[in-house]
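Trainee: Hi! Could you walk me through this one?
Mentor: Happy to, let's look together.

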Amino acid sequence: MLRNVICWILISVTPASLIAADTDSGAAILNGRGKGGVWLNGKLVPRTSAVFPGDFIQTQPESLATLDASGSGIIVFPDSLVKFEGNAVSLEHGSVNVATSKGMVARARAVSVTPASNTWTEFEIWDANGKVQVAAGQGNVIVSCGKGTVNLSAGEQATADESGHCKKRRMGAPPVPGSGGILMDPYVLGGGLIGGGVIVCLLLCTSSNPFLSQWKP
């Protein structure tokens, strides 16, 4: 009975993972860790959950979240609140790192950041002390501050001033670290979940001596 229950749970979970990785669904897979956990729409969520457009993700001062969407990966840094919008994220406060090959857009107040092309692009946007700042890590991004627009290349940073214009400056080195490459790819993640689920299900459902019973503390 226990083996059958676990199998049905795996069967029900795997399609949800596929939906989250599907381009047309506009969904993503949320992974959270750290003290205090990660909150989804005001509720504490398990370590992994599906996220859909319109959902709010909130991290605590000692927690971190990642969102794996089709062609994009997002890191939600500690003490941040983000609204997921499919191929865009809206930052309410805190900071996020975006790595995308699908032109994912990030917004904070009147500021928007758009990749200049659909090549692999990484950038970070944060809202702190009443100022919105953007830093380009890889590729080029277009930053609109309301009344002014600037183009940033890797290693450049822009700050939105009170008048709605962007102040651009060059940093000593690209400020945004790499975001995991293949590990952020939703197809790899989805394939891993499917493969792992099928293997575990087969082991539990077909073996007269299930491997779980072999584990010893």
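Trainee: Which residues form a disulfide, and how far apart are their sulfur atoms?
Mentor: Cys-145 and Cys-166 do, with sulfur atoms 1.9 Å apart; a disulfide here is a pair of cysteine sulfur atoms within 2.5 Å. Keep in mind that this is a predicted model, where local features need pLDDT of at least 70, side-chain atom pairs count only at pLDDT 80 or more, and totals for chains, interfaces and linings use all residues. Residues are numbered from 1 along each chain as its sequence is written, and side-chain values use heavy atoms, leaving out hydrogens and water.

Trainee: Which parts does the pair tie together?
Mentor: Cys-145 lies in the loop between strand 14 (141–144) and strand 15 (149–152), and Cys-166 in strand 17, so the link ties together parts 21 residues apart in sequence. Strands are DSSP runs of E, at least two residues, numbered from the N terminus.

Trainee: Are those cysteines buried or exposed?
Mentor: Cys-145 and Cys-166 are both buried, meaning under 20% relative accessible area with a 1.4 Å probe, protein chains only.

Trainee: New topic: what does strand 17 pair with?
Mentor: Strand 17 (residues 166–170) runs antiparallel to strand 16, joined by 5 bridges; pairing takes at least two DSSP bridges between the strands. Arg-170 is the bridge partner of Glu-156.

Trainee: And which residue in that hairpin takes a positive phi?
Mentor: Gly-164, near 90°; the hairpin has 5 residues between its strands.

Trainee: How many residues of strand 16 are buried?
Mentor: 5 of its 5. Glu-156, Ala-158 and Ala-160 are on one side, Gln-157 and Thr-159 on the other.

Definitions and conventions. Buried means under 20% relative accessible area, exposed over 50%, partly exposed in between (1.4 Å probe, protein chains only). Helices (H or I, at least four residues) and strands (E, at least two) are DSSP runs, numbered from the N terminus.
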